[in-house]
Amino acid sequence: MNKRLIIGSGLLIIILIAAAISIYYEEDNLKIEEALHGSVDVDNANTERKWLKKAIGNENQLNSVLRDSIYRGVGMKRFGDSLYVVDFGDMAIKRFTLDGEYVDRFGRGKGRGPGEFMLIPDFTVFKNQFLFALDARKRVIMKFDNQSSKYLSAELIEYDGTRITASGNELVLQSLMQQDMFKILNADADSLHEFGTIIENQLQNALSLAGNIRAISEAGDFIYVPRKASYIFYFSNEGDTEKVVRTVDGIPFQKSTRSNANDTRLLHPPQSAIQTEDIDIHEDKIYLSQLSTQEDSPLPESFLDVYDLETGNYLHSAELPVMTNDIVVTNSRIYLLTRDTERVHAYVYNHPR
Amino acid sequence: MPMSTTTPGENKASLNVQYAIGVICQYVLIAVLGLAVVGKIMEPQTSIDFIAAVLDSGAALSKVVLLLTIIGEGFLLVSLLFFGKQKWPFYATAGVMGIFSLLILYGIIIDLPALCGCFGSVVEETAVNQSALIRNIFLVVIAALAPGLKK
């Protein structure tokens, strides 16, 4: 009897300690920050921003079709000599020349039918042959012929997809609600392998991990830039983390927050003083479209941070003339998809020598 | 006096089966409580959310309630494991499971949009619905019947 009492009490004490550690210790620890501890290769934090006053020049007048044919622009990318704009207004991806002339559109409008979109979080062009677009509501990857813009097929995906980029001979898909954050797909959208162990067991903080991905080489390398934390991650498509760069603001990954609304527990992304809205790669530089979210911040509301693609070193910054979501940088211009009007504007961009 | 239709041997066999069922019930309860304790320790957040939603409480109070719940379940687990020959661990388990059933019933009535968090990450989470209620009522029944079967 005494022996059983002692063993039973011992077991209870172990349960008590384990439960208390589990419930209270996790509060202030985000595992991704623990995993990152000591693994940052380039630390730009605490670097003073170097503002270029004349980087962005006058506005270029683009073809009025570009202005008039977009109802609600929510995404913009450049592939080759074309500008692709996601129009939330009539739920299609529209293609323009770099001067703003309308070329064609991908998608037959809003709907659940073949070639129709419900919600387009991202798209990419694969080897100039195919355009792949995610539909977050239908949970499909839709495939179009990039030359003719003809709808080809849709592949159901069991998981949510938030970002997609063509990287070498494969596609990289970012998914926030899965154990592995990245999936490598072939051109038929079949899953080849998955990785992203750095965010293991972070499902309840998935909103903290939202960001952008962009291919950086034909070999299949890509970068991931979180929206609300100051990092640039370099990955190979084999899943190796090749480099971790801390960007100038040094904002760590933070936990998602919860609230009650009409008896529903809502999950909110963490607040962040600086948000990375979009990324673009041009030649040997990474361009980050940054948004300052604090009213009393000394920073401009919307600005550009530029990093060296190879080294990850911070180079300079430039204030953007309009509140910007997405950016496209070319040799002589910068295209801005504005946050307020959801239209595309182009400005002269003077690359510093 | 009515004549018995079973022989003493058959009676003994029947009692052995009854006893075996009682023991199985005991170990089913031990397994369920073990999963519940380990699951909540491994993934406490879902349980915290469920408690916060039911009690309409903040995170601090929900965590205290969860800690007490885990201790309570751990106590029942240890009691069933080491004092399974006595009746009180079974009746205490039935009582606790009964309280859990009432909470789930309340959740169903108010259409609580939360996972029950009963087993944390060890078993796939179930929503607060009829199947969770039936499962808990089943556990109440076997906890209440087990001492009788083990006589």
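Predicted model: local features only at pLDDT ≥ 70, side-chain atom pairs only at ≥ 80, totals over all residues.
1. Extent of the interface. The size of an interface is often given as the accessible area lost when the parts come together. Between chain A and chain B about 2000 Å² is buried, and carbon and sulfur atoms give 70% of that area. Chain A brings 22 residues to the contact, and chain B brings 26 residues.

2. Polar and charged pairs. The count of salt bridges between chain A and chain B is 0. Polar contact between the two chains is counted for 2 residue pairs, both at pLDDT 80 or more.

3. The chain A side. Three elements of chain A each supply at least two residues to the side that touches chain B: α1 (2–25), β19 (257–261) and β20 (264–268). The most comes from α1(A), with 14 residues. By type, this side of chain A divides into 12 nonpolar, 5 polar and 5 charged residues.

4. The largest nonpolar core. This core has 37 residues, and L29(B) and I70(B) have the most contacts inside it. Two or more residues come from each of α1 of chain A and, in chain B, α1 (8–42), α2 (44–55), α3 (59–82), α4 (88–109) and α5 (130–149). The element that gives the most to this core is α1(B), with 8 residues.

5. Surroundings of L29(B). Leaving aside residues up to four places away in sequence, L29(B) touches L80(B), F90(B), T93(B), L139(B), I142(B) and A143(B).

Conventions:
Residues numbered from 1 in each chain as written. Chains lettered and ligands numbered in written order. Heavy atoms only, no water. Contact = heavy atoms within 4.5 Å. Buried area = accessible area lost by both parts, 1.4 Å probe. Salt bridge = Lys/Arg side-chain N within 4 Å of Asp/Glu carboxyl O. Polar contact = N/O pair within 3.5 Å; in protein donor to acceptor, adjacent residues only side chain to side chain. Helix = DSSP H or I, 4+ residues; strand = E, 2+ residues; numbered from the N terminus. Nonpolar A, V, L, I, M, F, W, Y, C, P; charged D, E, K, R; others polar. Core = buried A, V, L, I, M, F, W, Y, C linked by side-chain atoms within 4.5 Å. Buried < 20%, exposed > 50% of the residue type's maximum accessible area, 1.4 Å probe, protein only.
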